[in-house]
Amino acid sequence: MADYTLCAVYHRMITGQLNQQENMSAVAETERQKMLRMTTLAKSAANKEQGEEFGPEVFLEEWRYHLAEMELRIGNDYGNIYHLKHRYREYCNTLAAAAE
């Protein structure tokens with residue numbers, strides 16, 4: 001669950017950065033779809049690991065943790081998104097391929 005959540009947040013950050021750029025809406029939509037897929041996988045895994053009563057809460061806590069960590073890593077400046085790409089892109093691509 002944690003890995004899927006990490007990648008969901010990563011794709012959310014990339015989507016946010018792309019939405020700030022002109023003529024990038026199609027690419028932003030692709031990243032948004034990746035985020036939604038990872039979110040679905042993360043929520044499903046959380047429910048399996050923690051049960052349906054606690055799964056959503058655990059997922060949300062994990063989401064908040066990764067979001068805060070990534071925002072700190074880029075200094076709350078989407079111009080620094082390359083820090084996240086360097087750190088997470090390959091890992092998240094590999095995780096997505098394994099989940100297919």
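Reader: Which residues form a disulfide, and how far apart are their sulfur atoms?

Author: Cys7 and Cys92 form the disulfide, with their sulfur atoms 2.2 Å apart. This is a predicted model, in which local features need pLDDT of at least 70 and side-chain atom pairs count only at pLDDT 80 or more, while totals for chains, interfaces and linings use all residues. Residues are numbered from 1 along each chain as its sequence is written, and side-chain values use heavy atoms, with hydrogens and water left out.

Reader: Why is the pair Cys7 and Cys92 called a disulfide?

Author: A disulfide is a pair of cysteine sulfur atoms within 2.5 Å. The sulfur atoms of Cys7 and Cys92 are 2.2 Å apart, so the pair meets the rule. By this rule the count comes to 1 disulfide. The link is left-handed, with -90° about the S-S bond. Helices here are DSSP runs (H or I, at least four residues), numbered from the N terminus.

Reader: How do you know whether Cys7 is buried or exposed?

Author: Buried means under 20% relative accessible area, exposed means over 50%, and partly exposed is in between (1.4 Å probe, protein chains only). Cys7 has a relative accessible area of 0%, so Cys7 is buried. Cys92, at 1%, is therefore buried too.

Reader: What makes Tyr10 and Tyr88 an aromatic pair, and which kind of pair is it?

Author: Rings of Phe, Tyr and Trp (its six-membered ring) pair if their centres lie within 6.5 Å; planes under 30 degrees apart count as stacked, over 60 as edge-to-face and the rest as tilted. The structure holds 2 aromatic pairs. Tyr10 and Tyr88 are 6.1 Å centre to centre, with 55° between the planes, and form a tilted pair. Tyr10 lies in helix 1 and Tyr88 in helix 3, so this pair ties together parts that are 78 residues apart in sequence. Both Tyr10 and Tyr88 are buried.

Reader: Why is the pair of Phe59 and Trp63 called tilted?

Author: The ring centres of Phe59 and Trp63 are 6.0 Å apart and the planes stand at 50°, so the pair is tilted. Both residues lie in helix 2, 4 residues apart, about one turn of the helix. Phe59 is buried because its relative accessible area is 8%. Trp63 counts as buried because its relative accessibility is 16%.

Reader: What makes a set of residues a nonpolar core?

Author: A nonpolar core is a set of buried Ala, Val, Leu, Ile, Met, Phe, Trp, Tyr and Cys residues joined through side-chain atoms within 4.5 Å. The largest one has 27 residues, and Tyr10, Met13, Trp63, Met70, Ile81, Leu84 and Tyr88 touch the most other members. Helix 1 (2-19), helix 2 (25-73) and helix 3 (82-99) each supply at least two residues of this core. Helix 2 gives the largest share, 10 residues.

Reader: Which residues does Met70 touch?

Author: Contact means heavy atoms within 4.5 Å. Not counting residues up to four places away in sequence, Met70 touches Leu6, Val9, Tyr10, Met13, Leu84 and Tyr88.

Reader: How do you know whether Thr5 is buried or exposed, and what does Thr5 contact?

Author: Thr5 has a relative accessible area of 0%, so Thr5 is buried. Thr5 lies in helix 1. Leaving aside neighbours within four places in sequence, Thr5 is in contact with Ala42, Phe59, Glu62, Trp63 and His66. The side chain of Thr5 also reaches the backbone oxygen of Met1 at 2.9 Å.

Reader: Why is the pair Glu29 and Arg32 called a salt bridge?

Author: A salt bridge is a side-chain nitrogen of Lys or Arg within 4 Å of a carboxyl oxygen of Asp or Glu. The closest N and O atoms of Glu29 and Arg32 are 3.0 Å apart, so the pair qualifies. Glu29 is partly exposed, with a relative accessible area of 33%, and Arg32 is also partly exposed, at 33%.

Reader: How many salt bridges does this rule give?

Author: The count comes to 3 salt bridges. Lys34 and Glu31 meet in one of them, at 3.4 Å from N to O. Lys34 is partly exposed, at 33% relative accessible area, whereas Glu31 is buried, at 11%. Arg73 forms a salt bridge with Glu69, the closest N and O atoms being 2.7 Å apart. Arg73 and Glu69 both lie in helix 2, 4 residues apart, about one turn of the helix.

Technical notes:
A polar contact is a pair of N or O atoms within 3.5 Å; within protein, one must be able to donate a hydrogen and the other to accept it, and residues adjacent in sequence count only if both atoms are side-chain atoms.
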